Amino acid sequence: MSTFKLDQNQAALILTLDTNGEMFVDVIGQEMPSLSKEICEAIALKLINESDFQDEVLVWTSDVPVEAAPTCDTLESATTQKYLKHR
């Protein structure tokens, strides 16, 4: 795994697909609230919870038929899970 440092105004959305096609979504950012982190968290929630959004993203990113695309319902980051549960 690569290591990188984010500035205070940066956040990252990390998507991982395992060998079974299950998607794991991680949001990484500073502990303090920031617009960039909130945007990443909103995108993560949409990827996890909205199949229409998943389909739209897959249509733009691959030749895989939407019906065959994996769905995702997992947040990997404990910090993100805790934060999103309190929203």
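Predicted model: local features only at pLDDT ≥ 70, side-chain atom pairs only at ≥ 80, totals over all residues.
A residue counts as buried when its relative accessible area is under 20%. The chain has three helices and three strands, and they run in the order β-β-α-α-β-α along the sequence.

**Overall picture**
- The protein chain exposes about 6,400 Å², and 55% of that comes from carbon and sulfur atoms.
- Take the contacts in the chain with a separation of 6 or more: 44% of them link residues 24 or more positions apart.

**How H1 meets H2**
- Helix H1 covers residues 35-49, while helix H2 takes in residues 51-61.
- The axes of H1 and H2 come within 6 Å and cross at roughly 100°.
- Angles of 65 to 115 degrees count as roughly perpendicular, so H1 sits roughly perpendicular to H2.
- On the H1 side, the contact is made by Ile 43, Lys 46, Leu 47, Ile 48 and Asn 49.
- On the H2 side, Ser 51, Phe 53, Gln 54 and Val 57 make the contact.

- Leu 35, Ile 39 and Ile 43 together make a nonpolar surface patch of about 280 Å².
- Is Ile 39 buried, exposed or partly exposed? Its relative accessibility is 44%, so Ile 39 counts as partly exposed.

Conventions: Residues numbered from 1 in each chain as written. Heavy atoms only, no water. Patch = residues over 30% accessible without salt bridge, like charges linked within 9 Å, V, L, I, M, F, W, Y side chains within 5 Å. Areas by Shrake-Rupley, 256 points an atom, 1.4 Å probe, with all protein chains shown as cover. Salt bridge = Lys/Arg side-chain N within 4 Å of Asp/Glu carboxyl O. Helix = DSSP H or I, 4+ residues; strand = E, 2+ residues; numbered from the N terminus. Buried < 20%, exposed > 50% of the residue type's maximum accessible area, 1.4 Å probe, protein only. Contact = heavy atoms within 4.5 Å. Axes fitted to C-alpha atoms, helices over the stretch in contact; angles between N-to-C directions. Parallel < 35°, antiparallel > 145°, perpendicular 65-115°, else oblique.
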